[in-house]
Amino acid sequence: MKIVIRLISFIGCCTGIFQFAWADVVLWPESVIVVTSNQRPVSNIHVISIVGGDARPDIQILNLDTVTSIEQLLSDGLPLDPMQARIMVDQRITQIGRSRLDNELRTAYLPLGTMMAYALDRFPVIIFDRETVIYGVTDLEQAMNRYRQWIEDKQEGFFNE
């Protein structure tokens, strides 16, 4: 009988320890999407990779200014004559490579598509696990701390109920 009680106590302790360990891992998001611009660059990206350990989230930085950069690359210094301008743009596209340009344009429009998909109306914005949003922050360490605090507060409410 004592062995059964000890076994039940041991299992209970282990379950409690694993519950706390699991709770800490849940504080780290699986994915982080940042939508920003050249005027609002993201800082402290390295902090997540250092602090996150094995639970490191997938971080994706999307810059809304990328489309403008590609347009400038193709249109910079074009002549006024439409025919000559078209020839020059075609030459630039050939130099870049059509498939590479297509890939770059797809990537360039991804921030706008993301904003539309999540019905976001301003930036910068950081999206955690494709559901939690923090606006106006470009410091990833600060955003992560806010996210973790929010998760902790949410878990405390769950455990206190």
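Predicted model: local features only at pLDDT ≥ 70, side-chain atom pairs only at ≥ 80, totals over all residues.
Tyr-147, with a relative accessibility of 4%, is buried. Phe-128 is buried too, at 0%.

Those three residues belong together: ring pairs join Phe-128, Tyr-147 and Trp-150 into a cluster. Let's take the pairs in turn. The count of aromatic pairs is 2. In one of them, Phe-128 and Tyr-147 are stacked, with 4.4 Å from centre to centre and 20° between the planes. This pair links distant parts of the chain, as Phe-128 lies in strand E3, residues 125-128, while Tyr-147 lies in helix H6, residues 140-160, and the two are 19 residues apart.

What about Tyr-147 and Trp-150? Their ring centres are 6.3 Å apart and their planes meet at 40°, so this pair is tilted. Both residues sit in helix H6, 3 residues apart, which is about one helical turn. Here is some background: an α-helix has 3.6 residues a turn, so residues three or four places apart point the same way.

One more ring before we move on. The charged end of Arg-122 sits over the ring of Tyr-135, at 3.8 Å from the ring centre.

Next, helix H5. It covers residues 98-117, and its 20 residues, at 1.5 Å a residue, should span 28 Å.

Still, H5 does bend, by about 35° at Leu-110, and a proline, Pro-111, follows within four residues. Pro-111 is also one of the buried residues of H5, along with Leu-101, Ala-108, Thr-114 and Met-115. And what do the buried residues of H5 pack against? Their partners are strands E1 (31-36), E2 (58-63) and E3, plus helices H3 (66-75) and H4 (82-96).

Last stop: after H5 comes Ala-119, which has a positive phi, near 55°.

Conventions
Residues numbered from 1 in each chain as written. Heavy atoms only, no water. Phe/Tyr/Trp six-rings, centres within 6.5 Å; stacked < 30°, edge-to-face > 60°. Buried < 20%, exposed > 50% of the residue type's maximum accessible area, 1.4 Å probe, protein only. Lys NZ or Arg CZ within 6 Å of the ring centre and 35° of its normal. Expected span 1.5 Å × (residues − 1). Bend = angle between axes of the 7 residues up to and from the residue. Contact = heavy atoms within 4.5 Å.
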